[in-house]
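Reader: I'd like to learn how to read a few features off a model. Could you walk me through them?

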Amino acid sequence: MIAQSFFEKLFKRTADRLVEDGYLALGYEYVIVDDCWMEMERDEEGRLVADRERFPNGIKALADYVDNQDRIQHVAGPGHWNDPDMLIIGNYGLSVDQSKAQMAIWAILAAPLLMSNDLDRIRPEFREILQNRDIIAVNQDPLGLQGRRIRYTNKIEVWVRPVLPTWGINYSYAVAFVSHRTDGAPYTLSLDIKSLGLKSTMRYAVYDLFEKSTRFIVGRSSKSPKLQIRVNPSGVVFYKFEALDPNARFR
């Protein structure tokens, strides 16, 4: 018996879900048939042939269904992005905390956001992660600069990516604190912003990208020279340090 996931109607239904559930508006524009779509043998001219049982109308008909319904739009970008593989958020392989961690790391890496899940059955808490506009904005940041892991302390990784807005040579930053701990309770990490590579002459408004709130101001003459970060086991805290106008007056 052929698995339901390979029938062309699943891909059509997935394209419909992208539109109707708001994923397309957030930038999820591609439906990818990754593998297992072809017959074992090529045709008389040596061309690959779609599996006649799984895709009875052929791949072109499936592509036409997507294109003619405006499901997919061409978006030009810098190209040559690193691809650490698909997001498995919502396919039962990850917890909510682990799903947030994957979404944060993919955003830092400017990785393609390719979902591997069933959009008919995805739970609301996972849909919320995938549709987080602030994190998608980090992933799609116009600077196009990939972030990197800068430290690993007490089983906590720190990932940093330069993003907009900028003031002169000073960037804003997306910073993910990713836990590999399994000790059953949140772990508190204390560090100075200088250790993140943030310029000490700047002030930053710090936004929690999952909680969608402004947490505090750090930097020049601020009351918070150090950060106290509490990270769940196998979870993440994802902040955006938004550079503030260096010429502005602050009380």
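Predicted model: local features only at pLDDT ≥ 70, side-chain atom pairs only at ≥ 80, totals over all residues.

Reader: How do I read a pocket, and which residues lie nearest the centre of the second largest pocket?

Author: Rolling a probe the size of a water molecule over the atoms shows where empty space is left. On a 1 Å grid over the protein atoms alone, a cavity is a set of points where a 1.4 Å probe fits but cannot get out; a pocket is an open set with protein on both sides within 12 Å along at least five of seven lines, and lining residues have an atom within 4 Å of a point. Grid points are joined across faces, edges and corners, and a volume is the space filled by probe spheres set on the points. Here 15 residues line the second largest pocket, with Asp208, Glu211, Arg230, Val236 and Val237 nearest its centre. α3 (96–108), β6, β7 (226–231) and β8 (236–243) each supply at least two lining residues, and β8 gives the largest share, four. (Helices are DSSP runs of H or I, at least four residues, and strands are runs of E, at least two, numbered from the N terminus.) By class, this lining has seven nonpolar, two polar and six charged residues; Ala, Val, Leu, Ile, Met, Phe, Trp, Tyr, Cys and Pro count as nonpolar, Asp, Glu, Lys and Arg as charged, and the others, Gly among them, as polar.

Reader: And what lines the largest cavity?

Author: Gly90, Tyr92, Arg121, Ile122, Arg123 and Phe126 do. The count comes to one cavity of 30 Å³ or more, and the largest cavity has a volume of about 30 Å³.

Reader: On to the sheet: in what order do the six strands come?

Author: Two strands pair if DSSP finds at least two bridges between them. The six strands form an open, antiparallel sheet in the order β1-β2-β3-β8-β5-β6. β1 (148–153) and β6 (213–219) are at the edges with a single partner strand each, so one side of each has no neighbour in the sheet. Six bridges join β5 (residues 203–208) to β6, where Val218 is the bridge partner of Tyr204.

Reader: What should I check in the backbone around β2?

Author: Most residues other than glycine have a negative phi, and most peptide bonds are trans. In the hairpin of β1 and β2, with two residues between the strands, Asn154 has a positive phi of about 50°. Lys155, in the loop between β1 and β2, has a positive phi of about 65°. Within β2 lies Pro165, joined to Leu164 by a cis peptide bond with omega about 0°.

Reader: Last one: at what angle do α1 and α2 pack?

Author: Two packed helices are described by the angle between their axes and the distance between the axes. Helix α1 (residues 8–20) packs against α2 (residues 58–68) at about 15°, axes 10 Å apart. They are therefore roughly parallel, a label for angles under 35 degrees. Axes are lines fitted to C-alpha atoms, for helices over the stretch in contact, and angles run from 0 to 180 degrees between N-to-C directions.

Definitions and conventions
Residues numbered from 1 in each chain as written. Heavy atoms only, no water. Parallel < 35°, antiparallel > 145°, perpendicular 65-115°, else oblique.
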